[in-house]
Amino acid sequence: MAKLLEAEIRRAIDSGHTTFMSGMAKGVDIVAAEIVLHLRAQDPRLKLICALPHPGFGQHWLGGWTERFQQVLDWADLERTICPAFSRASYQARNEWMVCHSDMVIAVFNGKPGGTKNTLDYAKKNGVPCVLING
């Protein structure tokens, strides 16, 4: 999956995209952000924006994810917290904010209901092109 994700990010760069956003969720979001940071080391035009749903997000994960999350934030060009406090709605608000500030969406999607599906539906509704990687 990471190789397919990197290939799509490289395709986006080749098409002229230089700013990338990550919702910083544990898993694919952090992996994608790490790929952008790795590529930025070779191409200083690249920028990474981390969109967090609420304060404190990502601070209590196990398995090294909080450390990876914090490393990405430390190297990101911009960190944006979308909602002032935790709520279930803060995740969708974060996703909608990212779509509204994007020219395209690259998503790893397993076809199941949830945040990724909601984001893709919102992007399609708003005319933002989506690139899907089967996950």
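Predicted model: local features only at pLDDT ≥ 70, side-chain atom pairs only at ≥ 80, totals over all residues.
Residues are numbered from 1 along each chain as its sequence is written, and side-chain values use heavy atoms, with hydrogens and water left out. Local features need pLDDT of at least 70, side-chain atom pairs count only at pLDDT 80 or more, and totals for chains, interfaces and linings use all residues.

**View 1. F57, W61, F69, F86 and Y91 form one aromatic cluster.** The structure holds five aromatic pairs (Phe, Tyr or Trp rings, the six-membered one for Trp, with centres within 6.5 Å; planes under 30 degrees apart are stacked, over 60 edge-to-face, the rest tilted). Take F57 and W61: this pair is edge-to-face, at 5.3 Å centre to centre with 85° between the planes. Both residues, F57 and W61, are buried (under 20% relative accessible area; exposed is over 50%, partly exposed in between; 1.4 Å probe, protein chains only). F86 and Y91 are also edge-to-face, because their ring centres are 6.3 Å apart and their planes stand at 75°. F86 counts as exposed at 55% relative accessibility, while Y91, at 29%, counts as partly exposed.

**View 2. The charged end of R94 sits over the ring of F57.** Here the distance to the ring centre is 5.8 Å; the term asks for NZ of Lys or CZ of Arg within 6 Å of the ring centre and within 35 degrees of the ring normal.

**View 3. D43 lies in the loop between α2 (28-40) and β2 (47-52).** Helices (H or I, at least four residues) and strands (E, at least two) are DSSP runs, numbered from the N terminus. With 17% relative accessibility, D43 counts as buried.
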